[in-house]
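Student: I have a two-chain model open and would like to go through it. Can we start with how each chain is divided up, then do the annotated sites and the helix packing?
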Amino acid sequence: MSTTAEPSRKPMPSALTFARHAKCSTTKARASTLHLPHGSVPLPIFMPVATQASLKGLTYDQLRQTGCMLCLNNTYHLGLKPGQAVLDAVGGAHKLQGWDRNLLTDSGGFQMVSLLKLATVTEEGVRFLSPHDGTPMLLTPEHSISLQNSIGSDIIMQLDDVIATTSPDHARIKEAMGRSVRWLDRCIDAHKNPESQNLFCIIQGGLDLELRRQCCAEMVARDTPGIAIGGLSGGEAKEEFCKVVDTCTGLLPEEKPRYVMGVGYPEDMIVAIALGADMFDCVWPTRTARFGNAIVSSGTLNLGHKTYAQDFGPIDEECTCACCRPTKQGGLGITRAYMFHVTQKETVGAHLLTIHNVHFMLSLMGAARQAILEDRYPSFVRDFFSKIYDGDKSKFPEWAVGALRGVGVDLLAE
Amino acid sequence: MTTAAMDDSSHMSFHVLDTVAPVLAPRVGKLAIAGRRTLSTPHYISLTSRGTVPHITHDVMRDHTGINGLYAGLEDFIEKKPPAPLYKTPVTEQESPLKKFICVPENMPLILGPRRFPAIPCPPTNTETSIAVLTSVGFHQLSAHHYVEAVQKLRPDIAIGLADIVLGKPPGVKRREKMVDRTHAFTRDALDRLYEDPEEGQPKSKAAYFAPVLPLDNTQQSLYLDDLESEFRHNLSGLALYESASLTFIPESLGSLPRLLLSNPSSPHEILREISLGADLLTVPLLGASSDAGVALDFDFPVPPALQTARSEPKPLGFDLWSSDNVTDTSPLREGCECHACQQHHRAYLHHLLSAKEMTAWALIQIHNHHIMELFFAGIGESIQRGSFDEDVQVFNRVYAASLPEQTGQGPRLRGHHLPAAGPGQPRRMPRIYGRLDEAIQKFAESQSSVATPDTGAEGLEEHGFAEKA
């Protein structure tokens, strides 16, 4: 592994400014604004995932109306369809999909986890057999960055060596961490547009906190515009997840945005914010919408269940999304009974619930931000858990109680 | 000007403007329903599936389409044991529970029929007192009694009378007699119960009743037609026709009634022909079918002068967005089009969405195709009023291809209620999705991944810049 603070390292330009507004006086939560080339993003934020350059059935007008300022595209998928040549010809992913706000692309590294059985990772890159014709292929950090340069996303991610956090092979985890650092250097070298696209590094190291510390030190020294904590949400225990986030944020510079990859359950985000994280992404809110599940302040409702067949209330009483707002306030007045009627039967059912879920996640983040600005995040967190568990403290998840206690919030206190 | 005589019980009025003949001629009119948006006829009615215009969410309908008039089939709502949930919709006395249930504004004109349109043939047969319907959980019998009750309770603006119609095969001689007799009885009973003699506590229905005209010769249903002209006339607000041939024998005394033609024209040319025979409201299944097929409509009526010049080949009625011509084409679906899809996006994006099977593709194409259809009908109305309709149709038929482009790509995933019943021994409806890598598993003796896999080989991957051959 390379040593820290190599003197020959090239200066790292940045295409973002990160304005910190407030820090919670109890927890590590931060409220800030991330100014990106395609507009300003209030942090903390949830980023919906428009995998293949569209957010599952929504028009970009509808996505705009949820308040979304930054959404994800997937390099792996865009690289296959429409492909780099088309992206170059069209002029990048913003122009391809008609989205004038910000885009973030992942590196394709996560798909390696899913395809790992077909792939082997070497120092050069990921060797895999083309699923179509079985020809051996090689995906390198240089390929990934080149594709992301063609995509033109506002935030691009380094290619990292991702392995399942639950892997028992410690040597392999250590190797992956070191390799991710070396690949970051190759990504920085290959990055053609640092003045318009922000490269984020990805902290690896599995659940080993010592490895995570080393990785933080190495990567912070590379001075990327933003920092992601990767390799989580792969089925590890929530306690372990919290420890990793807490450890990393403790070592990361205050003046850079921190992105926890692949996290998107409301409870996980609220706790991770308390641990000092700023950005999250997950396909769960949009995927679960297509299965008929609505995210509401009391948890998740399966609107495909017959108990909602005759429930003529809005999806969520407190929600102000286009679906839940009454018609008198310019909304659509969508009812649970109607969602039951169309869910998993008509595409419109999926679209409506996707609008609601994305809006819910964004307004949850907005409320968290407001609470941090007003320095009342601990009570916000208590209210949040109280609503989900109907005030029953005995049902509060232990991992959340433990993690929050670590940052000075006692969920169980009267 | 002629005005349809309206009974007090109906809140609908229909005015035909400047027509020479009451039948067999194109005509423009205004269909006004109290408290609803006025419909200028000829106009198309948007077909719904389970209360939604496929792929179009309610805000898109409001903000990006001119949809004015929905058709809903009762069979889409009654799969549960009675009473179905929609009857429980909380409403004020003026509101329609059906509109409230499907969350459309009260001023949206709504037509209720017993079945979806186009209806899927049901193996069970109709009976003296009921018709066979297909719900999302299987076949049911919808009794005439239940249907009348539905009209009373759901308060659609227009109700289409129950008819005994044979789908899927032409009815035999005996069956045709039965069709007429049963439809006659259904109509008599429905009009009685809706307008003459409602059950205790029920007010007279405000729904406008469109009596069905059967897809048979007029001689075969002459007794029924006679009664429509005489005994039933004062309770009728319109006619529902199932084939354009029926337009040719509408009795003169029924000429002032609006005619809803529930047909499945295969091309805009056929729509024009139906209108030339005097259709006022039309169903256009080709609209949604084109969107599902990935075909963006592209025609104008009347044909603009610039397109009328001699051309070696007929102009296509639309273009296939699946075609690889669109891969890097950043022009709008149609030059100068003002629809949301054309204003915001280009062909390359739509092509990408289709090939990636993203649902947004169908939403955007629906927006565009609805826009084209709205302009088409607006042009028809103006052309009829100018008196140049016949010539305009001739030019249209000469300039444009006879049929829509063929579908080359896949449509959206279809559900049970969209499809005919599967019989034994039929091929799978849907190709297997899971286990696509089974072959690879054997080859590499591992992997259970269901991650999207490229449709391209190693050469393609390399060309895409995704990776290189090792």
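Tutor: One definition comes before the domain distances: domain bounds come from an automatic or database domain assignment. Also, this is a predicted model.

Student: Fine. What domains does chain B have?
Tutor: Chain B is split into domain 1 (2-283) and domain 2 (293-413). Taken over C-alpha atoms, the centres of domain 1 of chain B and domain 2 of chain B are separated by 29 Å.

Student: How many residues does each domain of chain B put into the contact?
Tutor: Domain 1 of chain B provides 21 residues and domain 2 of chain B provides 23 residues.

Student: Which elements are on the domain 1 side in chain B?
Tutor: Two or more residues each come from β5 (43-47), α1 (58-64) and α6 (268-276) of chain B, on the side of domain 1 that touches domain 2. The most is given by α6(B), with five residues. By class, that side of domain 1 of chain B has 10 nonpolar, 10 polar and one charged residues.

Student: Now chain A. What are its domains?
Tutor: The assignment for chain A gives domain 1 (17-282) and domain 2 (288-375). The C-alpha centres of domain 1 of chain A and domain 2 of chain A are 28 Å apart.

Student: And how many residues are in contact there?
Tutor: In chain A, 24 residues of domain 1 are in contact with 21 residues of domain 2. On the domain 1 side of chain A, β1 (17-23), β2 (30-36), β4 (45-47), α1 (60-65) and α10 (266-274) each supply at least two residues. The largest share, three residues, comes from α10(A).

Student: What about the classes on that side of chain A?
Tutor: The side of domain 1 of chain A that touches domain 2 divides into 15 nonpolar, seven polar and two charged residues.

Student: Change of topic. What does UniProt list as a domain in chain B?
Tutor: An unreviewed UniProt entry lists residues 26-400 of chain B as "domain: tRNA-guanine(15) transglycosylase-like". The C-alpha atoms at the ends of residues 26-400 of chain B lie 21 Å apart, and the span is 34% helix and 16% strand.

Student: Which residues carry the "active site" annotation in chain A?
Tutor: The UniProt annotation, from an unreviewed entry, covers Asp106(A) and Asp281(A). They are spread over 176 residues of sequence but cluster in space, with a largest C-alpha distance of 10.4 Å.

Student: Where does Asp106(A) lie?
Tutor: Asp106(A) is in strand β6 (residues 102-106) of chain A.

Student: And which residues are under "binding site" in chain B?
Tutor: UniProt lists Cys337(B), Cys339(B), Cys342(B) and His368(B), again in an unreviewed entry. These are spread over 32 residues of sequence and cluster in space too, the largest C-alpha distance being 8.5 Å. One of them, Cys342(B), lies in helix α9 (residues 340-344) of chain B.

Student: Then what are they for α10 and α11 of chain B?
Tutor: Helix α10 (residues 347-355) of chain B and α11(B) pack at about 135°, with their axes 8 Å apart. That angle makes α10(B) oblique to α11(B).

Student: Which residues meet there?
Tutor: From α10(B), Leu350(B), Leu353(B) and Leu354(B) meet Thr360(B), Ala361(B), Leu364(B) and Ile365(B) in α11(B). By class, this contact of α10(B) with α11(B) has six nonpolar, one polar and no charged residues.

Student: What else packs on α11(B)?
Tutor: Helix α7 (residues 285-293) of chain B does: its axis and that of α11 (residues 360-386) of chain B come within 9 Å and cross at roughly 145°. The crossing of α7(B) and α11(B) is right-handed. Leu287(B), Ser290(B), Ser291(B) and Asp292(B) in α7(B) meet residues of α11(B), among them Trp362(B), Ile365(B) and His370(B). The contact of α7(B) with α11(B) has four nonpolar, five polar and one charged residues.

Student: Last one, α8 and α9 of chain A. At what angle do they cross?
Tutor: The axes of α8 (residues 209-221) and α9 (residues 238-251) of chain A cross at roughly 30° and come within 10 Å. That makes α8(A) roughly parallel to α9(A). Their crossing is right-handed. Residues of α8(A), including Arg212(A) and Cys216(A), meet residues of α9(A), including Val244(A) and Leu251(A). By class, the contact of α8(A) with α9(A) has five nonpolar, one polar and three charged residues.

Conventions:
Residues are numbered from 1 along each chain as its sequence is written. Chains are lettered from A and ligands numbered from 1 in the order in which they are written. This is a predicted model: local features need pLDDT of at least 70, side-chain atom pairs count only at pLDDT 80 or more; totals for chains, interfaces and linings use all residues. Axes are lines fitted to C-alpha atoms, for helices over the stretch in contact, and angles run from 0 to 180 degrees between N-to-C directions. Helices (H or I, at least four residues) and strands (E, at least two) are DSSP runs, numbered from the N terminus. Angles under 35 degrees count as roughly parallel, over 145 as roughly antiparallel, 65 to 115 as roughly perpendicular and the rest as oblique. A crossing is left-handed if the near helix is turned anticlockwise from the far one by less than a right angle, and right-handed if clockwise. Two residues are in contact if their C-beta atoms, placed from the backbone, lie within 7 Å. Ala, Val, Leu, Ile, Met, Phe, Trp, Tyr, Cys and Pro count as nonpolar, Asp, Glu, Lys and Arg as charged, and the others, Gly among them, as polar. UniProt positions are given in the numbering used here, feature names are shortened, and annotations may be inferred rather than shown by experiment.
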